[in-house]
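Open the structure in your viewer and keep the selection tool ready. This tour goes stop by stop, with something to select at each.

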Amino acid sequence: MTALTRAPAGVPRQAAADTAAIRTLGLRKDYRGTPALDGIDLEVPRGTVHGLLGPNGAGKTTAVRILATLLRPDGGRAEVAGFDVARDPSEVRLRVGLLGQHAAVDEILDGRQNLEMFARLYHLAPRAARARAAELLDRFGLADTGRKPVGAYSGGMRRRLDLAAAMILAPEVMFLDEPTTGLDPRARTEVWASVRELVAGGTSVLLTTQYLEEADRLADGITVVDRGRVVARGTPDDLKARLGGAASTSYSPRTPMWPPRHACWNRWRAGCRRRWTRRPGGSAYRCATGWRP
């Protein structure tokens, strides 16, 4: 990993990280003496999707909140778009977008009104706000529904509108914190298509997820974290080769899985040794406790 460096005098600080959109070194955060992050090293090249994969409580959301300047680290260093998150938080905020785990849109307003409201909160002039809202509705395939109350949107449409709101300022770096949790397969596919469009437009993406399939489909690189520590990193193909298969692999009921490559991360962490099989034609897995997504 490239060391964090301070830009020379007279040179824009973001030039010091010209190849990395996000870079952390020994990032730490404790809650009442319990480490949520325990020395995370991370590097995300510009123009790529990087997956931060792990179970609930692994530290994924804490890492995103620190990188988005919503939380101060207790140790280590982090740079986003070339700026230190602790020394230059306002510079970082001008260059990032954040899609949290829960939608931030107003269900009473329609899609266009939501986007115009967010644009005005970002201090865009009324005419510029209307133009940006129309552009984003068209970009995310919501132009025909822009006058419909958000409460009538499907889950995938609502999530795409939330993603559009995070793109008001065309950020260099986008943080997506478990963007498809709770969505049905069709809605997840819609969100995945929107993420690919973001990257095609030059945005760098840090994606946190519990879904192996999601990381495999979207991410150029993956960092696996558990209990605040990095336990594996590499490309999806590298990790599949090292760990013995992907979430999309079909297993025989008699084939032992070690480590158990299923979506039940908390059972894996707790020491689950059951043999799992994949539901035919689906993305769920079964053991003695029944089907799990």
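**Stop 1: the cores**

Begin with the largest nonpolar core, which has 43 residues. Select Val49, Leu115, Phe140, Leu161, Met174 and Leu176: these touch the most other members. Bear in mind that this is a predicted model.

Now centre on Leu176. Ignore its neighbours within four places in sequence, and Leu176 is in contact with Leu99, Leu163, Val195, Val205, Leu206, Leu207 and Thr208.

Next, look for a second, separate core. This one has 26 residues, among them Ile22, Leu42, Ala63 and Val92.

**Stop 2: two helices**

Select residues 111-121 for helix α3 and residues 126-139 for helix α4. Their axes come within 8 Å and cross at roughly 130 degrees. Oblique is therefore the word for how α3 and α4 lie to each other. The crossing of α3 past α4 is right-handed.

Show the side chains at the contact. From α3, pick Gly111, Arg112, Leu115, Glu116, Ala119 and Arg120. From α4, pick Pro126, Ala129, Arg130, Ala133, Ala134, Leu136 and Leu137. Colour this contact by class and you get 8 nonpolar, 1 polar and 4 charged residues. Leu115 links back to the previous stop, as one of the core residues that touch the most other members.

**Stop 3: a loop threonine**

Go to the loop between α1 (60-67) and β4 (75-80), and select Thr69. Is Thr69 buried or exposed? Its relative accessibility is 12%, so Thr69 counts as buried. Which residues is Thr69 in contact with, leaving aside neighbours within four places in sequence? Select Val85, Pro89, Val92 and Arg93.

How values were computed:
Residues numbered from 1 in each chain as written. Predicted model: local features only at pLDDT ≥ 70, side-chain atom pairs only at ≥ 80, totals over all residues. Heavy atoms only, no water. Axes fitted to C-alpha atoms, helices over the stretch in contact; angles between N-to-C directions. Helix = DSSP H or I, 4+ residues; strand = E, 2+ residues; numbered from the N terminus. Parallel < 35°, antiparallel > 145°, perpendicular 65-115°, else oblique. Left-handed = near helix turned anticlockwise from the far one by under 90°. Contact = heavy atoms within 4.5 Å. Nonpolar A, V, L, I, M, F, W, Y, C, P; charged D, E, K, R; others polar. Core = buried A, V, L, I, M, F, W, Y, C linked by side-chain atoms within 4.5 Å. Buried < 20%, exposed > 50% of the residue type's maximum accessible area, 1.4 Å probe, protein only.
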